[in-house]
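Biologist: I would like to learn how to read a protein model with care, beginning with the whole chain and then going residue by residue. Could you take me through it?

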Amino acid sequence: MYIYHYIIIAGSHRIQGNCKGDVLMNLLQALFFPPEQPGGVSSMIPHLQERFRSNRWEMDLFWLPKRIRGKGREEIVFETFDWTLYGESPVVQKYIQTYRDYIWWTKLRMSKKYDLIHAHHPIAGLAMKKIYPEVPLIQTLHSSYERELILNGAIVEGGLEHRFLVSIYRELEHVSDRLMTVSRSFAEYLAPYIDQPSRIGVIPNGFDEKRFKPVPHDNDIPQLVTVTRLVPAKGIDTLFKACAELKKRNLEYVLHIIGDGPSRAELELLAQNLGIYNETIFYGYTLHPEEFMPFFDIFVLPSRAEAFGSVFAEAALSCLALVGTSVGGIPEQIEDGVNGLLVEPDDELALADALEKVISDPGYRYELSRSAWDKAKSQYSLTRVANELKKTYLQYQQGMKG
């Protein structure tokens with residue numbers, strides 16, 4: 001066996017039905033990133049296996065290892081558009097090659113038959129449908145790759161790469177039996193790029209409640225935390241400017257930055273120039289931030305775009321007060337003034353005002369955090385999401401075993 005053989009089976013052996021009427025549905029969850037990768041998808045899907053452990057279900061996970069690059073040689077043809085019109089772009093070429101690599105790896109490693117495939121990345125869904133054309137495919141879109149690339153300055157809106165990436169949505173609609181996403185906001189974003197937007201299903205990400213345990217604590221100085229990839233789309237520069245304003249107002253705080261990314265050096269320099277470097281702690285990448293998130297007081301992330309914003313739900317389950325921006329799926333999680341505070345993106349003064357409210361009033365901070373915890377427990381629990389997925393999967397069941 002290769003050391004990078006990455007198929008995980010729910011349980012140590014195949015789960016067989018043992019009485020009349022038992023049904024076994026073989027499911028494949030097709031990811032792009034490995035399960036240990038931080039983020040909503042990878043933090044949710046591996047934990048689903050426990051929820052599907054019964055004589056009715058068997059679930060495998062599959063993804064492309066990072067070391068598999070440049071292996072695929074498959075000719076790529078899409079049914080709804082001609083990708084070669086955009087082929088001079090290095091970004092498009094890389095995307096196509098990654099698609100080829102996913103097909104190559106899947107053909108090499110997969111031989112099992114499945115009743116249903118649920119893909120969580122466009123490349124995963126396209127590759128699986130090519131190899132398993134008769135198996136029903138549910139495709140969930142978790143984020144807007146093109147939107148993040150534009151905000152990060154990697155591509156230009158309306159350019160070759162942008163037009164290619166939004167064309168992928170119609171191709172996914174064409175090959176999928178069901179197209180789904182994680183927020184109503186993102187479903188609306190997708191509407192101009194597909195033929196039947198009314199058929200998009202919405203199931204938010206779910207989170208294993210057992211992983212998040214609020215811890216009673218009393219910090220003399222309010223502790224702010226953000227957990228994110230350090231890229232322009234996340235608005236950490238706006239957060240730093242807001243924190244500089246807090247310092248001008250003589251408000252004490254400590255800001256903890258958990259995560260890494262290409263903007264880290266630039267952000268460290270910005271913190272120094274703004275005079276807040278001593279109040280700011282850069283942790284870098286951390287595998288399980290939920291283990292110590294409950295010891296902070298306020299979670300803040302002024303994103304410029306967010307399809308759902310899984311980290312807000314995770315912070316809510318850790319019983320932190322939430323401060324975010326009114327973009328994407330964040331307002332679906334946060335009702336301003338009820339279970340958190342919302343500001344417009346790129347408005348450092350409004351962000352400073354919101355942070356001042358929760359820094360200076362511990363009672364208000366507690367009310368917001370408690371309301372956020374209640375909502376996250378009821379709406380974003382993994383159990384609830386698993387039940388929604390089971391109902392969706394059973395619509396595509398291909399026969400009974402008894």
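Modeller: What follows goes from the overall chain to single residues and their surroundings. This is a predicted model, in which local features need pLDDT of at least 70 and side-chain atom pairs count only at pLDDT 80 or more, while totals for chains, interfaces and linings use all residues. Residues are numbered from 1 along each chain as its sequence is written, and side-chain values use heavy atoms, with hydrogens and water left out.

Biologist: How many helices and strands does the protein chain have?

Modeller: Helices (H or I, at least four residues) and strands (E, at least two) are DSSP runs, numbered from the N terminus. By that reading, the protein chain has 13 helices and 13 strands. Its radius of gyration, taken over C-alpha atoms, is compared with a globule rule of 2.2 Å times the number of residues to the power 0.38. For 402 residues that rule gives 21 Å, and the protein chain comes close to it at 22 Å, so the chain is as compact as a globular protein of that length. Taken along the principal axes, the box filled by the C-alpha atoms is roughly 65 × 55 × 45 Å.

Biologist: What share of the residues of the protein chain count as buried?

Modeller: Buried means under 20% relative accessible area, exposed over 50%, and partly exposed in between (1.4 Å probe, protein chains only). On this scale, 55% of the 402 residues of the protein chain count as buried. For areas, the Shrake-Rupley method with a 1.4 Å probe is used, and for residues only the protein chains shown count as cover. The protein chain exposes about 18,000 Å², of which carbon and sulfur atoms supply 49%.

Biologist: Among contacts between residues at least 6 apart in sequence, what percentage join residues at least 24 apart?

Modeller: Contact means heavy atoms within 4.5 Å. Among the contacts between residues at least 6 apart in sequence, 73% join residues at least 24 apart.

Biologist: Which residue does the side chain of Asp 60 make a polar contact with?

Modeller: A polar contact is a pair of N or O atoms within 3.5 Å; within protein, one must be able to donate a hydrogen and the other to accept it, and residues adjacent in sequence count only if both atoms are side-chain atoms. Asp 60 lies in strand E3 (residues 57-62), and it counts as buried because its relative accessibility is 1%. Its side chain makes a polar contact with the side chain of Tyr 114, at 2.7 Å.

Biologist: Where does Tyr 253 lie, and is Tyr 253 buried or exposed?

Modeller: Tyr 253 is placed in the loop between H7 and strand E9 (254-258), and at 4% relative accessibility Tyr 253 counts as buried. Leaving aside neighbours within four places in sequence, its contacts include Ile 221, Pro 222, Leu 246 and Ile 359. The C-alpha atoms of Tyr 253 and Ile 359 are separated by 7.7 Å, although these residues are 106 apart along the chain. A polar atom of the Tyr 253 side chain also lies 3.2 Å from the backbone oxygen of Cys 243.

Biologist: Which residues is Lys 241 in contact with, leaving aside its neighbours within four places in sequence?

Modeller: Lys 241, which has its place in helix H7 (residues 236-248), is in contact with Leu 274 and Glu 348 once those neighbours are left aside. Lys 241 is partly exposed, with a relative accessible area of 36%. Its C-alpha atom is separated by 8.4 Å from that of Ala 352, a residue 111 places away along the chain.

Biologist: What is the phi of Asp 346, and where does Asp 346 lie?

Modeller: Asp 346 has a positive phi of about 65° although it is not a glycine, and it lies in the loop between strand E13 (341-343) and helix H11 (348-360). With a relative accessibility of 43%, Asp 346 counts as partly exposed. Asp 347 is found in the loop between E13 and H11, and is partly exposed with a relative accessible area of 32%. A polar atom of the Asp 347 side chain lies 3.1 Å from the backbone nitrogen of Ala 350. Cys 319, in the loop between helix H9 (310-317) and strand E12 (321-325), is another residue other than glycine with a positive phi, near 65°.
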